[in-house]
Amino acid sequence: MNEDNYLNAGFTLRSWLLTTDHKRIAILYFASLIFFFFIGGAAATAIRIELATPQADLVSSDMYNRLFTMHGIVMVWFFLIPSVPNTLGNFIVPLMIGARDLAFPRLNLLSWYLFMLGGCVTLFAIAAGGVDTGWTFYAPFSTLYSNSHVVAAVLGIFIAGFSSILTGLNFIVTIHRLRAPGLTWYRLPLFLWSLYATSVILVLATPILAITLVLIAVERVFGVGIFDPKISGDPLLFQHLFWFYSHPAVYIMILPGMGVVNELISCFSRKEVFGYKFVAWASLAIAAVGFLVWGHHMFVSGQSVVASLVFSFMSFIVAVPSAIKVFNWTATLHKGSIRFDAPMLYALAFIGLFTIGGLTGLFLACLAYDVHATDTYFVVAHFHYIMVGGMVTAYFGGLHYWWPKITGRLYSEAWARAAAILIFFGFNLTFFPQFILGAEGMPRRYHVYAPEFQVWNVLSSAGASVLAVAYLLPLFYLGYSLFFGARASANPWDAPGLEWQTPSPPPEYNFEVQPVVTRAPYQYSKNFKAEPQNA
Amino acid sequence: MPDSLPFAPQFASVRHRDETAELGMWVFIATEVLLFGGLILSYFVYRHADPRAFMAASRHTDVLIGTANTAILLTSSFFVACAVEAFSVRARTASRALLIGAIVLGLSFVVLKGFEYADEYREHLIPGINFSFDGPLADGVQLFFVFYFVATLLHTLHMLIGIGLLTIFAVRIRNAEESRTRAALHSAALYWHFVDVVWIFLFALIYLPGKSS
């Protein structure tokens, strides 16, 4: 254990709340995100309890609308989007590129404060009675008819959006300008390529959300119908603007997870990532093509058939770089010396769940099938396989992988493996039945349903309780590790990345001497020993 | 120890720091382009749907003030560009005078904009507050004015931030550290020019439709 580390650099509240150290800001984000994750999770729990029976027994339909809206808003903007970038990314990016901090440390702190301010405003909207529009805020319902706290929620998201933009800006500039000597673009670990692609989306898509939310607020506050067809406004324009942000945002919610998985698969197979350049460019290809597929959320909205055809085609195209990644991870496993440590279990779960989520995405990209599946549980199951099965799993995998680096402590491997396996089973039990429900026609966003759907709903709710327990487990054994865990060495996994070549936890300025990079990432010798990037 | 260096520990040199800061401003401008871009796209969608209403609405805007403001902004950008050049040849007094000139021009832009808004209030052209317009084109005209106010208010907010930035430089420029200020002034100038360019687009979209017919 390194005694002169960033955690010991100060113990006052002030030394945390006014810190500009990227590692401490990452910890601030960790704490905030755990909070929001459980708020969003509480809403999900209430939803699954209500859906255990076909009739309404826990909440009214109006309350149910507010519950799934709150679940969506909190999970998307206050957990998934900042999850990997702002916690693991904030902590690891400077360490991985051999820098002492991000390019703009004060901006980084401002980003956290904006996030918290946006979060508080959104929590106020929830506490004051909630929002019933769904996380998508479709106009003109959200602007003219909804009797809920739309403006407060929109304001909270608007503010949190600037936090995203600042983080993206910081990462782009940092990766361009602060790489250690010898660390060329093709020597960057793939985690950085995927965060770079994510940051480009954050910077270019989020402002569109910002201006759209401004228009929603203006319409609602001043009663002028910007998206109201009664006065020749166009509700479809709102949907276009919203999905122009929100589809790329889906990639904000998966690319960082893919980046984490590269690190895990390589380290626990003791092998170089297969087809490094393809995986690297696939991230940027996903970011670029991801801007051109938003119309697949609007196949039944009445947009032109030609537009739908083009968006359908582009949605198939964007699956290609995603598939490249899956194939390359699988090829990386081939003839590797595989270890089934907890992070690796998460990574393998990610590959399976992401593949199911991705392939069912292709069903939905088909115009003919999507017309039937729109607004059914098939869509719900599909995107939960990507966002929860993919991103949350990768987040947990990355958290376990870098935990010894972040805290300087080891956790209980047995408990961690048990949690990983439980999450995998709980997740599938929760969401696989929803594919069947959707295929049989159960619509989403209703709190009562036809009795013949009950079997699958009960299975799903049972899975959700397993999942809830599984997500609570890490809180205990990681919490225990934080105080009583065995001390971690600098490089407990024997990985070659720069972040492992400095003590755990890292000193305040990360590296005693500036590391100089001499080789590509992910290099292992014949007997599976890591060859550090800077040796 | 890193603390003793004249620049933050994540940088290798003063120059490294300053070039990094400038890249940050460019990325920020990319964000801003999309912010205004979404608004301008919406404008085009509605103008395409109802071109006659947008032309009728545009005829109610004050092209004289709009043109004057365009000239004022372009001149202010020229002043800011000269201020950057003057600072880089160490003519700090000249640089300061040019910045003050740009600030005065920026403020006159805002004041003229205020007069324009007052006129529009008197003519009942402010949607949501006192809008009234006779004839079949009223809905489209109202949409035009919604975009007019959102876009120009957002732009004016950017102007005020820019004026604030230039004021800080004008106050501090005499005793400021050479390299850092040159880089920061350069970034602030980039921002100012960007706000100017936005206005050129807004000018064409707001004041010119329907003026020739």
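**View 1. A:Tyr522 in the segment after helix H16 of chain A.** In this predicted model, where local features need pLDDT of at least 70, side-chain atom pairs count only at pLDDT 80 or more, and totals for chains, interfaces and linings use all residues, A:Tyr522 is found in the segment that follows H16 of chain A. Residues are numbered from 1 along each chain as its sequence is written, while chains are lettered from A and ligands numbered from 1 in the order in which they are written. Helices are DSSP runs of H or I with at least four residues, numbered from the N terminus. Although A:Tyr522 is not a glycine, its phi is positive, at about 65°. A:Tyr522 is buried, as 26 other C-beta atoms lie within 10 Å; a residue is called buried if 20 or more other C-beta atoms lie within 10 Å of its own, exposed if 12 or fewer, and partly exposed in between, with C-beta atoms placed from the backbone.

**View 2. B:His124 in the loop between H4 and H5 of chain B.** B:His124 lies between helix H4 (92–122) and H5 of chain B, and has a positive phi of about 60° although it is not a glycine. With 11 C-beta neighbours inside 10 Å, B:His124 counts as exposed. Most residues other than glycine have a negative phi, and most peptide bonds are trans.

**View 3. Packing of H6 against H7 in chain A****.** Helix H6 (residues 150–177) and helix H7 (residues 190–222) of chain A pack at an angle of about 155°, with their axes 8 Å apart; axes are lines fitted to C-alpha atoms over the stretch in contact, and angles run from 0 to 180 degrees between N-to-C directions. H6(A) and H7(A) are therefore roughly antiparallel to each other, a term used for angles over 145 degrees. By class, their contact has 24 nonpolar, six polar and one charged residues, where Ala, Val, Leu, Ile, Met, Phe, Trp, Tyr, Cys and Pro count as nonpolar, Asp, Glu, Lys and Arg as charged, and the others, Gly among them, as polar.

Terms used:
Helix = DSSP H or I, 4+ residues; strand = E, 2+ residues; numbered from the N terminus. Parallel < 35°, antiparallel > 145°, perpendicular 65-115°, else oblique.
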